[in-house]
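Here is a short report for a first look. Please keep the structure open as you read.

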Amino acid sequence: MFDGYLLSVLVWLPIIGGILTLLTGDKFATRPVALIISIATFAISLLLWTGFNSKGYQLQFVELMPWIETFKVNYHLGVDGISMPLILLNTFTTVLIVLAGWEVIKHKPSQYMASFLIMEGIINGVFAAQDAILFYVFFEAMLIPMFIVIGIWGGDNRIYATIKFFLYTFFGSVFMLVSLIYMYTQAGSFAIADLHTVKLGMTPQILIFLSFLIAFGVKVPMWPVHTWLPDAHVQAPTGGSVILAAVMLKIGGYGFLRFSLPMVPDASNELAWLVIFMSLTAVVYIGFIALVQSDMKKLVAYSSIAHMGFVTLGFFLLFPIMKASGGSSEGALMGMQGGMVQMISHGFISGAMFLCIGVLYDRMHTREINAYGGVSNRMPWFAAFFVLFAMANTGLPGTSGFVGEFMVILASFKANFWIAFLGATTLIVGAAYTLWLVKRVIFGAVANDQVAELNDINKRETLILSILAFFVLAVGLWPEPLINVMNDSLVHVIEQATTSKLVN
Amino acid sequence: MLLFSLIPMQFQLPNIMLATPEMFLLAGTCFVLLADLFIKDSQRFITYLLAQVVLLITAGLVFFGTGDMNAIIAESVQATGKMSITAFSDMFVLDPMAQVLKISILLITMGVLVYSREYLRSRDMYKGEYFTLTLFAVLGMMIMVSAKTMLLIYLGLELLSLAMYAMVAFKRNDGRASEAAMKYFVLGAIASGMLLYGMSIIYGVSGSLHLDHISTYMSSHPVMENLGLLLGLSFIIVGLGFKLGVVPFHMWVPDVYDGAPTAVTLFLGTAPKIAAFAMIIRLLVEGLGDMVQGWQQILSLLAALSLLVGNLIAIAQTNIKRMFAYSTISHMGFVLMGILAGTQSGYAASMFYIITYAIIAMGGFAVVIYLSREGYEADQLADLKGLSARHPWVAFMMMLFLFSMAGVPPTVGFYAKLSVITAVVDANVIWLAVFGVVMSVIGAYYYLRAIKLMYFDKPDDATNSARSPVQWDFTALLSLNGLAVLALGILPGTLMALCLKAIQTSL
């Protein structure tokens with residue numbers, strides 16, 4: 001089915017479906033229409049998984065059409081083992097968001113659903129684009145629906161948060177645009193594959209690397225450009241937080257794999273220390289910041305930054321490992337795989353955490369940790385899910401959170417003991433802030449009258465959380481299929497990242 | 001008969017047919033002027049319709065040509081192999097660039113008239129003179145676009161300017177409009193003087209007013225050491241800077257935009273910018289192309305300053321028209337960026353930029369007109385509050401215009417910026433490219449603020465009251481305008497290729 005244009009369907013079906021949803025007006029039809037479209041998109045995206053050939057790094061499901069001939073820009077889509085799982089993560093998460101907003105969103109539901117569907121299509125475009133300008137267009141276009149989602153359905157301080165979010169990301173990406181244009185003038189093409197092979201001198205490479213670092217670092221987000229994330233998360237509606245944490249942050253990590261490492265390998269090698277330093281700071285320092293938060297969403301937001309630190313750490317361990325072992329990249333693959341697994345797993349876990357907080361918020365209309373206590377007495381089922389996801393967040397073996405972190409820490413031992421040591425502190429700090437959160441919110445005696453009146457999760461909420469729980473455990477217990485799919489593509493990235501592109 | 005044979009027939013009569021559209025426009029304008037004398041105030045719609053028809057036919061003439069015109073063109077293209085054909089002793093030129101620009105000017109003016117009709121009617125400005133002045137301004141612009149000598153450029157410019165001065169002052173009882181007209185006139189006159197002075201110096205050195213002759217002279221002389229030429233170039237750039245409204249010659253822009261009736265601002269901020277672009281290309285590229293080193297430096301400074309000042313001061317504005325004025329200044333900085341790259345793709349990028357900018361700005365001002373009503377000018381940013389709740393479709397259109405001005409894909413503004421930045425990176429002026437994108441981030445702030453007012457704020461009670469009724473053609477055009485911004489954003493290739501082709505075959 002959809003031979004030759006599967007990816008286009010995945011990009012445009014949600015966008016057109018979003019417009020249809022908008023046209024339904026704010027009647028009840030909005031929700032079923034949105035649900036049908038999101039489920040259809042997810043079902044179609046499963047064809048990517050089943051039809052994917054995990055041997056080799058070559059692009060699959062390729063589509064190529066001329067788009068702007070003046071600049072030799074093509075409408076060029078394709079996926080490899082890195083982007084395919086991320087597209088699935090996106091289509092999967094959108095279904096959950098539509099379900100999660102079912103009864104909760106009462107103000108302009110059609111616009112809400114439409115924004116998320118359109119965003120789904122655009123994000124699929126980001127992961128599938130094989131042309132730098134096409135990528136950039138999707139990369140930026142994504143901001144518009146998110147800007148509206150936070151601005152309309154957000155909390156009290158939503159306007160500050162949404163403008164900060166927009167400007168931060170916009171600021172990050174414009175430098176990338178200049179870099180892409182510069183590489184275009186060198187390579188004569190905007191095709192990502194051509195930009196992978198074009199020769200560049202060291203100074204341009206360093207500047208390009210830094211511009212990518214700003215663009216993707218803001219997106220990930222990395223310390224010290226992370227400050228937009230807590231604001232955006234806290235103010236965004238539950239659905240916004242989920243898509244932000246589960247999918248949008250992954251675009252930053254994806255950018256490092258698709259752009260930074262293969263396009264400017266020499267500069268990546270030269271400046272790997274910087275990325276590793278920033279990642280470790282995120283892991284350790286941001287972990288401590290999460291510890292002192294009094295707002296649940298903020299706590300999870302900071303924990304996201306810390307966990308994403310593992311992703312970037314895993315990607316850039318390649319270079320210290322090469323240095324330590326005298327040129328052999330053995331072990332580096334494990335770091336990369338760890339980073340990728342961490343991205344997918346964090347998508348499930350953080351999405352689940354934000355949904356859990358959303359469940360509480362819908363009932364009590366507060367995110368303050370102090371307002372809760374003893375929730376397990378009133379909501380036993382919810383408590384069980386919450387504890388499971390919290391455990392996954394701390395990296396308990398058997399959950400998906402363990403796999404990625406463990407692989408990255410293991411790989412970092414090959415590079416340097418101290419990197420591994422600092423990275424491993426997350427196991428303590430992460431456990432501290434997450435378990436303390438659980439203790440204060442879930443356990444103990446019923447704190448006040450409001451908590452005493454809580455009702456346990458309904459069927460819809462149970463369904464959403466069960467699906468997520470299933471995936472958290474599945475990836476944790478049997479990560480093999482996921483790792484297999486991305487293996488060859490990651491090997492290719494390592495190959496590209498270790499091949500010098502300097503002009504002789 | 002004998003007498004006739006004594007006069008040497010030096011020009012070939014048929015050649016002047018190249019100016020058929022201009023001649024038709026002039027005749028049509030005179031006809032509108034006369035016809036209006038016999039039309040009652042209550043039937044002013046006829047004048048409006050006549051003006052639109054004249055513009056439409058002129059656009060058709062530019063696009064399709066007449067039998068004579070096409071025959072001359074075909075003959076000339078075959079004889080010389082060049083797409084640019086001259087007439088009137090080489091003073092007038094018809095090339096693809098001129099055609100594209102003229103059609104843009106004509107269509108945009110038609111749109112401007114549609115948008116302004118109701119506004120004019122409710123403000124006692126719905127008079128025949130208004131349409132005649134508009135048509136004369138368009139004629140001036142078309143002459144500027146097709147001028148091949150400095151004299152003709154000046155002539156076209158003055159025809160445009162004089163009509164514009166009168167239009168700004170059209171509400172003669174309005175103190176602010178008169179003040180704006182006065183400022184515009186005085187500064188415009190100074191600018192014209194500067195331009196004329198520069199032209200006279202260049203004429204003095206090169207011995208010709210004709211752009212091709214000047215260019216020939218320049219290519220055989222060391223121009224960059226010639227103090228006279230450099231002085232002439234400087235004066236010309238000052239004049240052009242005034243007309244285009246770039247920093248530091250921008251002071252009139254916000255005052256005139258703000259003081260003029262919104263319908264006039266709408267006209268002033270769109271079509272004449274396209275003509276100004278043509279003027280720059282003709283003067284600097286075709287005439288003074290060999291002084292590229294000289295004007296490149298000056299223009300990069302002007303561009304950088306315009307981007308800086310325009311974007312920063314726009315943040316402080318509370319009046320939409322003033323905000324748009326400063327935003328225009330920054331956009332003109334981007335237009336200069338493409339020109340100063342000094343390559344054909346750079347000129348094409350600027351051409352794409354200016355045409356799309358005119359489309360976007362037209363929509364932006366149209367929304368301001370939409371919100372106004374009799375006795376109330378909705379020119380404060382606060383008037384946008386809660387627009388999405390009151391008029392969701394108009395708010396959506398305005399959002400498209402604002403995102404496009406900010407240069408966010410998938411709107412056309414992004415591709416305009418992309419092509420201009422590509423041109424400067426290609427010309428190795430990377431600092432300016434980086435500066436430009438940083439400034440566009442700063443610019444994004446005030447566009448976002450306007451969107452925030454529309455979408456996230458609740459409407460004030462004062463702004464919630466009724467507007468004057470809007471005609472169907474206004475709404476239809478606004479929708480078309482907004483969707484064009486989106487459609488060109490998704491498929492910009494055709495217009496981009498057209499601009500590039502026009503530039504390549506013209507220069």
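In this predicted model, helix 1 of chain A and helix 4 of chain A cross in a left-handed way. Helix 1 covers residues 6–23 of chain A, and helix 4 covers residues 109–128 of chain A. Their axes lie 8 Å apart, at an angle of about 165°. Angles over 145 degrees count as roughly antiparallel, so helix 1 of chain A and helix 4 of chain A are roughly antiparallel to each other.

Which residues make the contact of helix 1 of chain A with helix 4 of chain A? Helix 1 of chain A brings residues including A:Leu7, A:Leu10, A:Trp12, A:Gly17, A:Gly18 and A:Leu22. Helix 4 of chain A brings, among them, A:Met113, A:Leu117, A:Ile118, A:Glu120, A:Gly121 and A:Ala128.

Chain A also meets chain B. Here 27 residues of chain A are in contact with 26 residues of chain B. Strand 1 (60–68), helix 5 (132–141), helix 6 (143–153) and helix 7 (158–187) of chain A each supply at least two residues of the side that touches chain B. Helix 7 of chain A gives the most, with 14 residues.

The table sorts both sets of residues by class.

Now the confidence scores. The model scores ipTM 0.87 and pTM 0.90. Chain B averages a pLDDT of 88, and 95% of its residues score at least 70. Where pLDDT is low, predicted coordinates should not be read in detail.

Technical notes:
Residues are numbered from 1 along each chain as its sequence is written. Chains are lettered from A and ligands numbered from 1 in the order in which they are written. This is a predicted model: local features need pLDDT of at least 70, side-chain atom pairs count only at pLDDT 80 or more; totals for chains, interfaces and linings use all residues. Axes are lines fitted to C-alpha atoms, for helices over the stretch in contact, and angles run from 0 to 180 degrees between N-to-C directions. Helices (H or I, at least four residues) and strands (E, at least two) are DSSP runs, numbered from the N terminus. Angles under 35 degrees count as roughly parallel, over 145 as roughly antiparallel, 65 to 115 as roughly perpendicular and the rest as oblique. A crossing is left-handed if the near helix is turned anticlockwise from the far one by less than a right angle, and right-handed if clockwise. Two residues are in contact if their C-beta atoms, placed from the backbone, lie within 7 Å. pLDDT is the predictor's confidence in each residue, from 0 to 100.
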